[in-house]
Amino acid sequence: LDANIRPLFEEKGRLRVKFGPVRVEESKEATGVVVTVPVQDGDAFQFGSVRFQGRSQLPEKDLTRLAAPLESGAPANFALVLGALSNLERLYKRNGFLRVRAFADRSVDDQKKTVDLVLRIQEGEQFRLRELTIKGIDINAQAAVRKRWAIPRGQPFDDSYPDVFILRIQEEAMFDQLAKITHRVTIDEQSRMVDVELSFVAAPPPKTR
């Protein structure tokens, strides 16, 4: 109930929903039992204040923009809170903070029917690109691929970029007879550097009769 049903009520701002006591009775119609769960919805709450804790590496205005749906006076939909946390982590990871974690601490005012939020961020260390290795194509083709690669060596590494880059190469149809492109990312926790390997796999030649 707490793991799967409570979030459905918290999407409606029903932060004080109560379940139970659960009643279990033998079924009169079939083999088994009937489980009855009384539910008290509770009052609907609204968002109060929202502030950040632990932020030091990225501008607060960028974080505030992602938390805009949690505006004061809006229904306290905690699906929006989870979405904001996910977006905050994504923003940090785009800037090289690959081990970031974001949490929401809530302070509920039962008289005002509001909930204040502290979006707590564990930023972690920033990781940078060390080496890009390209396999499966000749040196001229490698140069063309490197020209399109947007993260210079030593710059913060976005862990979603390799997938985006591969999709772009495929959409541009840069190479004929290409079966697939794969990538491997190796993270050096001690040096906080990242190596990326792109592998271009040629399609098998057509069968001849």
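Let us start with one side chain: that of aspartate 158 makes a polar contact with the side chain of arginine 90, at 2.7 Å. A polar contact here is a pair of N or O atoms within 3.5 Å; within protein, one must be able to donate a hydrogen and the other to accept it, and residues adjacent in sequence count only if both atoms are side-chain atoms. Before going on, note that this is a predicted model, where local features need pLDDT of at least 70 and side-chain atom pairs count only at pLDDT 80 or more, while totals for chains, interfaces and linings use all residues. Residues are numbered from 1 along each chain as its sequence is written, and side-chain values use heavy atoms, with hydrogens and water left out.

Where does aspartate 158 sit? Look in the loop between helix H4 (139–148) and helix H5 (161–172). Helices (H or I, at least four residues) and strands (E, at least two) are DSSP runs, numbered from the N terminus. Aspartate 158 has a relative accessibility of 12%, so it counts as buried; buried means under 20% relative accessible area, exposed over 50%, and partly exposed in between (1.4 Å probe, protein chains only). Its side chain also makes a polar contact with the side chain of serine 160, at 2.9 Å. Leaving aside residues up to four places away in sequence, aspartate 158 touches Arg90, Lys93, Arg94 and Ile151, where contact means heavy atoms within 4.5 Å.

Next, the nonpolar cores. A nonpolar core is a set of buried Ala, Val, Leu, Ile, Met, Phe, Trp, Tyr and Cys residues joined through side-chain atoms within 4.5 Å. The largest one has 25 residues, and Phe47, Leu63, Leu70, Phe78, Leu117 and Leu119 have the most contacts inside it. Strand S5 (46–53), helix H2 (60–66), helix H3 (78–94) and strand S7 (114–122) are the elements that give it two or more residues. Of these, H3 gives the most, with seven residues. There is also a second, separate core of 20 residues, which includes Ile134, Tyr161, Ile169 and Val196.

Now find the open sheet of three strands, in the order S8-S10-S9 with mixed pairing. Two strands pair if DSSP finds at least two bridges between them. Strand S8 (128–135) and strand S9 (178–188) are the edge strands, each pairing on one side only. S9 and strand S10 (residues 193–202) run antiparallel and are joined by ten bridges. Leucine 178, for instance, stands opposite alanine 202 in S10. H4 packs on the sheet, touching S8 and S10, and its direction makes about 150° with that of S8. Axes are lines fitted to C-alpha atoms, for helices over the stretch in contact, and angles run from 0 to 180 degrees between N-to-C directions. H5 lies across S9 and S10, running at about 160° to S9.

Finally, the aromatic rings. Rings of Phe, Tyr and Trp (its six-membered ring) pair if their centres lie within 6.5 Å; planes under 30 degrees apart count as stacked, over 60 as edge-to-face and the rest as tilted. By this rule there are seven aromatic pairs. The ring centres of phenylalanine 47 and phenylalanine 78 are 6.2 Å apart with planes at 45°, so this pair is tilted. Because phenylalanine 47 lies in strand S5 and phenylalanine 78 in helix H3, the pair ties together parts that are 31 residues apart in sequence. Tryptophan 149 and tyrosine 161 form an edge-to-face pair, 4.8 Å centre to centre with 80° between the planes. Both of these residues, tryptophan 149 and tyrosine 161, are buried. Together, Trp149, Tyr161 and Phe165 form one aromatic cluster.
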